[in-house]
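Open the model in your viewer and keep the selection tool at hand.

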Amino acid sequence: ANGRSNSATVDFTGSGEIILQPRDVSQGLVGTGRGTALAEIGGKIYVGTTTPDVQEYNNTSPLTVVRTLLTTPTDAATGLINGTLTMVFATGNEVDYSTDGTTWNRNTTDIKYIAFWRDLLWGIDTGGLLYFTSDLSGSWTQVARLQLSSGSVSHLFVGPSATPDSVLYAASQVGLHAYDAENERFVDTPLILPPHPDGGKGATAAPWGSIYYSAGQAIYEYTPGPSNIIRSVGFDVEGGFSSTETGVISALRATMYHLYATLDTNGSINSAAGLYRWNRRGWQSLVLSGAGSANRADSNLLVASAFSSYRLYWCFAAGTIGELHYSALPQGIANPLQISAYAYSIASAQFWVSPWIQKDSGQTWLAMSVTIDAIINNVDESIVVSYGVDFSDTYTTMGTITTSGETTYPFPVSG
């Protein structure tokens, strides 16, 4: 396999193999709220919920409520404020912060999204007013305004620019805007799109020099530079996902090797919710719920090394049952086939569906056979090989593989 797929739950290695996906671990939240914001401080994970509160996860169950909020958190981050490491939760009505997860304080400025940049904490409110502060016990300084209607702003983050310096970006329902610090104003980037109600919910910078912006199930890759390269890399390419995955992307987060995305039902009764991963060639679903409007996945994604374990954290909720999820990230060797203690998923069934093979007009193609080179390590493991034709959702089974080695299946003679 070349790592590209129409839809998949299995994992792609860097050398092209298809293997079982990494194991996902879940832990129930306290109460009936769902997680909407994540942060780390002091080697522990903190979850902001719709209850609304902040709950502490110390690698054991259950979580502990450590702070009661006034409203549901919309963003969270940890960074240095005036030389002190500080964890911040923003709600759009106030900012709650702590330097140790135990003692908390509140700033009543109505900040909705936050980011650390140039040794300051920056925040933007629902109306698009941009602020900064070096002291949360004091006041914020307002410096600019995003010239869009109230409620248009979707995210605030730091990303690469065409120069060696990083830039503060605001994502909105119409695209991506860079903060011009010298002139204290926002300027539009080349990534400006038609208005979308979910535009910018997922917006993040990647370590390979690109920025990713979502709108519905579309994701645009924007690479600042002399050419300002923009390309589409989202769920909607190569035929898109299945009819049960009709939700919207709610968050994006890049790691050293992958781009992760959460799919939120956004109230749709026909959609599943879950976590997806892109290896810069194809998307795979790591965790996928059943369809239902009560299934939600709308928190930010957090990469953290708490508990001496390098992990990706995210939140999921099925109705009133909220959960904190995590899976291990590679800290050294990245190829799972070379990691003896790699924790594979214990999901009962996983799949990989290739893109549809389409011939050019006037050409005639003949499918002769398909060969699978498999490694079967457990008597309970097997690989079912099927094929489909003419864009049909109905597939014909060719056979089931239960032993290691190469297996070739001929396609049937027809016509």
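Which residue lies over the face of Y326? Select R311 along with the ring. R311 sits over the face of Y326, at 3.9 Å from the ring centre. Keep in mind throughout that this is a predicted model.

**Stop 1: aromatic pairs**

Now show the aromatic side chains. Searching the whole structure gives 17 aromatic pairs. Two of them are visited here, one after the other.

Select W122 and F132. Their ring centres are 5.2 Å apart and the planes meet at 45 degrees, so this pair is tilted. An angle under 30 degrees would count as stacked, and one over 60 as edge-to-face. Colour the strands next. W122 belongs to strand β14 (residues 120-124), and F132 to strand β15 (residues 129-133). The two residues are 10 residues apart, and the pair links distant parts of the chain.

Is W122 buried or exposed? W122 has 5% relative accessibility and counts as buried. F132 has a relative accessible area of 22%, so it is partly exposed. The cut-off for buried is under 20%.

**Stop 2: a second tilted pair**

Move to F235 and Y276. Here the ring centres lie 4.8 Å apart, with the planes at 45 degrees, so this pair is tilted. F235 is found in the loop between β24 (229-232) and β25 (248-254). Y276 is in strand β27 (residues 274-278). The partners are 41 residues apart, and they too link distant parts of the chain. F235 is buried, at a relative accessible area of 1%. Y276 counts as buried, at 1% relative accessibility.

**Stop 3: an open sheet**

Hide the side chains and switch to cartoon. Select β9, β10, β11 and β12. These four strands form an open sheet, in the order β9-β10-β11-β12, with antiparallel pairing. Which strands stand at the edges? They are β9 (75-81) and β12 (104-107). Each has a single partner strand, so one side of each is left without a neighbour in the sheet. Look along the sheet for the twist, which averages 25 degrees from one strand to the next.

Strand β11 (residues 95-98) and β12 run antiparallel and are joined by four bridges. Pick S98: its bridge partner in β12 is W104.

How values were computed: Residues numbered from 1 in each chain as written. Predicted model: local features only at pLDDT ≥ 70, side-chain atom pairs only at ≥ 80, totals over all residues. Heavy atoms only, no water. Phe/Tyr/Trp six-rings, centres within 6.5 Å; stacked < 30°, edge-to-face > 60°. Buried < 20%, exposed > 50% of the residue type's maximum accessible area, 1.4 Å probe, protein only. Lys NZ or Arg CZ within 6 Å of the ring centre and 35° of its normal. Pairing = 2+ DSSP bridges. Axes fitted to C-alpha atoms, helices over the stretch in contact; angles between N-to-C directions.
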